Amino acid sequence: MTSLVVAEHDGKSLKGATGHAVTAAIAMGGDVHVLVAGAGCRAAAEEAAKLDGVAKVLLADDASLEHGAAEEIAALVLSLAKDYSHLVTPATTFGKNFMPRVAAILDVAQISDISAVIAPDIFERPIYAGNAIARVQSRDPIKVVTVRSTAFASAKAGSGNAPIDTVAVPASSGLTRFVGNAIARLERPELTAARIIVSGGRGMQSGDNFKLLESLADKLGAAVGASRAAVDSGFVPNDYQVGQTGKIVAPELYIAVGISGAIQHLAGMKDSKVIVAINKDEEAPIFQIADYGLVGDLFQIVPALDAELAKKLANR
Amino acid sequence: MKLLVAVKRVIDYNVKIRVKADKTGVETANVKMSMNPFDEIAVEEAIRLKEAGAAKEIVAVSMGPQGCQETIRTALAMGADRGIHVLTDIALEPLAVAKLLKAIIAKEQPGLVILGKQAIDDDCNQTGQMLAALMNWPQATFASKLKLTAETAEVTREVDGGLETIAIKLPAVVTTDLRLNEPRYASLPNIMKAKKKTIDQTTPEALDVNVQPRLTTLQVTEPVKRQGGKKLGSVEELVDKLMHEAQVI
């Protein structure tokens, strides 16, 4: 029994989600191999080789894999699938994009977004935006699984020294062509990897007002997120969105500012360790799940909090 | 060009779901059902393409029990031209839906299939990708912008770090993200008109597709509840609690 984890990376280094997927694969039992597919991505493969619990790294290096097109990644994974009992990848936009193609061609079900491994063939996954948890058993010969990062610890970069094997890359399908991208260059931690997140909602009233949250975030070493309402209102770009249809996060501390707490937002952050809510409406649903709530005008509270943090954190 | 849109009947997104006491699933009796919100966006996009002259006909497909007819009628009232209902009482997994869609594509020969990126009940996010793979077609998932020419679609996709634009050869599969468009409400005259539009009914057997589930649901439970609700009086108190009680800063 061996699992193949398909790594997400940017060529130079692994994305955080990959380490979490490795931990889930280890829980499924047996050996864990990691596939690093891309163009000029040996550095990411070397990083994967150091992860604790990884027995082997497969490196697929080809120009056709540069942008991680689902058609190309799926074809590559299918060329390797016969040697594996489990195919595993993070449930990120990268993993969600290609993995169902793999499952369909293998004629097996995919188990999406797992939050727990109960047995090698039994998994738990949230349904209805996390309002219910389903425990499912797969009878298929190969288990095709995507992993919810927040539900598993990250594999540690240890003293591992797994061998790196180069694998052949199937000919490109030519079905899809990369035109361009607009990837935000973040000065702050990435949402899904941040230890602290400061998030703003419709109550922020404008994109300009997010500067208040950025200042707070910089004092805390935090990432800045937003509710769907704030994104739909055009305050911030879509990659800020936390929620059922945005990013699922579970930081140590989540500070929700001017966010009422729609079900779809709660679905994306309710597994955070500590939740703080700042809202002028004391009936806002966010307070029902917040460990600490402050009722009042955020335009007074946030600057005051900023000043208090500056004072208290400066003494350390 | 003909467009095919897939629409799923799900528990309305405003309903607070209840897990059944016997842990076999969630309560669906006497619960309001609606079209999956992402599928509404798919229907809307198809209608806009038709209005812009890029498409001639829109066929809306739904699969499941008799109630799916209502979901198809909603699509027809929005502006789809006709419907296909695959009648079955078996709970369909994404792979089965993809196979059924493939069988329908063989008959209908659409130039583009548009689906919601995921259904808000099982949250699988699989069907569009699976269909594309079974057809050996390209795919553009999580679309936030769609431009169609005779032979290609240029699609902007919402990805984790921002946006990505790809060009795919037609025929192809596109799945919708939230910001692709804002679906219209059906007007009363259009609802009346939709009653006269055709819905063809078929079955998995007639389409020669095995739809037996591959997964067994062992149990469905409620998630662990959070204990919240504590309110504080000042930012000083909050910072003190975060530093000394919760110890997270």
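**View 1. The aromatic pair of chain A in the predicted model.** A search of the whole structure over all chains finds one aromatic pair (rings of Phe, Tyr and Trp, the last by its six-membered ring, with centres within 6.5 Å; planes under 30 degrees apart are stacked, over 60 edge-to-face, the rest tilted). The ring centres of Phe94(A) and Phe98(A) lie 5.2 Å apart with planes at 55°, so the pair is tilted. Both residues belong to helix H4 (residues 93-106) of chain A, where being four residues apart separates them by about one helical turn; helices are DSSP runs of H or I with at least four residues, strands runs of E with at least two, numbered from the N terminus.

**View 2. Strand pairing between chain A and chain B.** Strand E8 (residues 132-138) of chain A pairs with strand E12 (residues 215-221) of chain B in the antiparallel sense over six bridges (pairing requires at least two DSSP bridges). Ile133(A) has Thr221(B) as its bridge partner in E12(B).

**View 3. A salt bridge across the interface.** Asp140(A) and Arg214(B) meet through their side chains in a salt bridge, 3.2 Å from N to O. Five salt bridges are found across the interface of chain A and chain B (side-chain nitrogen of Lys or Arg within 4 Å of a carboxyl oxygen of Asp or Glu).

**View 4. Extent of the contact.** The contact (heavy atoms within 4.5 Å) takes 85 residues from chain A and 73 residues from chain B. About 6900 Å² is buried between the chains, 55% of it on carbon and sulfur atoms (accessible area, 1.4 Å probe, lost on putting the two parts together, summed over both).

**Notes.** Residues are numbered from 1 along each chain as its sequence is written, and chains are lettered from A and ligands numbered from 1 in the order in which they are written. In this predicted model local features need pLDDT of at least 70 and side-chain atom pairs count only at pLDDT 80 or more, whereas totals for chains, interfaces and linings use all residues; side-chain values use heavy atoms, with hydrogens and water left out.
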